[in-house]
Amino acid sequence: MMILLAEFFVVILKVLWAFVTAGCKWVVRPKEKSVAGQVCVITGAGSGLGRLFAKEFARRRAILVLWDINSQSNEETAEMVRQIYHELDTPTAKDGPVGGVEEVPPFQPQVYTYVCDVGKREHVYATADKVRRDVGNVDILINNAGVVSGHHLLECPDELIERTMVVNCHAHFWTTKAFLPKMLELNHGHIVTVASSLGLFSTAGVEDYCASKFGAIGFHESLSHEIKASEKEGINMTLVCPYLVDTGMFKGCRIRKEFEPFLPPLKPEFCVKQSMRAILTDQPMICTPRIVYMVNFMKSILPFEAIVCMYRFLGADKCMYPFLAQRKEAMNNNEAKNGI
């Protein structure tokens, strides 16, 4: 019994210390780690957040491995990365230790592109093998690829529901199984899950998307515990949960107009910069904006009916309906043009 009480006392001290260290990080900004020369795989790199992540890692001299189902858009991202590399490669002068001038060594651009449908596990494993042969071991994995069906549940074809679950959730299992073993062997790596605030709390009309993001977060948290249990301190995990991002994925989504100025869709650039800061400081989780933390906490302690009242007050209960209506209208227009 005394041993148990002693262990419990130690646990209490560790919990309090965790609060202290977390508070210190609010006051003193942690130093960002270097990713120069590290191999970074980004899924869904052809557009949106994936493209912005690629540009940010390129500015930090990482070796980029871009995956996307769309070859053309993926190559466009690669060209942007090459331009950043070229700018870094241009020799610049700086003051030396005695007032002289010296040149910064040139940086050789390295970016690789692969067409990969992360919704097909055989394709994921085959592409991962190509990456290992062409580039080497992967240091950073950004699970970013995502889709949304844009249909009410009873109007959504089963194939689209399955596609949403596979791309947004199951693909994380396959990419992780492809690259984690070497990370464990070397005790070095970083896995980033780009999820959503809709994986922490949900709303009406996007059941498949919310379920896929809840699943991705559950996978991420369980994997984080498994890595901690294996005592591999050199492997880090970061969960990214942004509010709605203005990438066009949920175009038309609206809350109550009186609150829109206070909760506008996030600028993609801001979202990625906040996420990069979290990744480079090994922060386990980043929610943007910070009010997402509060909403998630309130969801955990409030009765369901209280949450419903708050949703209705904010206009969040049917915020996806305008988006769904726009998607349905666009689909009907396309069918009309095609003579269907």
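A helix crossing is called left-handed if the near helix is turned anticlockwise from the far one by less than a right angle, and right-handed if clockwise. By that rule, helix 4 and helix 5 make a right-handed crossing. The model is predicted, with local features requiring pLDDT of at least 70 and side-chain atom pairs counting only at pLDDT 80 or more, while totals for chains, interfaces and linings use all residues. Residues are numbered from 1 along each chain as its sequence is written, and side-chain values use heavy atoms, with hydrogens and water left out.

**Helix packing**
- Helices (H or I, at least four residues) and strands (E, at least two) are DSSP runs, numbered from the N terminus.
- Helix 4 (residues 121-134) and helix 5 have axes that come within 9 Å and cross at roughly 30 degrees; axes are lines fitted to C-alpha atoms, for helices over the stretch in contact, and angles run from 0 to 180 degrees between N-to-C directions.
- Helix 4 is therefore roughly parallel to helix 5 (under 35 degrees counts as roughly parallel, over 145 as roughly antiparallel, 65 to 115 as roughly perpendicular and the rest as oblique).
- The axes of helix 5 and helix 6 (residues 207-229) come within 8 Å and cross at roughly 15 degrees, so these two helices are also roughly parallel to each other.
- The crossing of helix 5 and helix 6 is right-handed.

- A cavity is a set of points, on a 1 Å grid over the protein atoms alone, where a 1.4 Å probe fits but cannot get out; lining residues have an atom within 4 Å of a point.
- Grid points are joined across faces, edges and corners, and a volume is the space filled by probe spheres set on the points.
- The count is one cavity of 30 Å³ or more, and the largest cavity holds about 30 Å³ of space.
- Residues lining the largest cavity include Thr-43, Asn-143, Val-167 and His-172.
- Helix 5 (residues 158-186) gives the most to this lining, with four residues.
- The lining has four nonpolar, four polar and no charged residues (Ala, Val, Leu, Ile, Met, Phe, Trp, Tyr, Cys and Pro count as nonpolar, Asp, Glu, Lys and Arg as charged, and the others, Gly among them, as polar).

**Backbone exceptions**
- Most residues other than glycine have a negative phi, and most peptide bonds are trans.
- Arg-61, not a glycine, has a positive phi of about 65 degrees and is found in the loop between helix 2 (48-59) and strand 2 (63-68).
- Thr-288 and Pro-289 are joined by a cis peptide bond with omega about -5 degrees; Pro-289 lies in the loop between strand 9 (285-288) and helix 8 (291-301).

How values were computed: On a 1 Å grid over the protein atoms alone, a cavity is a set of points where a 1.4 Å probe fits but cannot get out, and a pocket is an open set with protein on both sides within 12 Å along at least five of seven lines; lining residues have an atom within 4 Å of a point.
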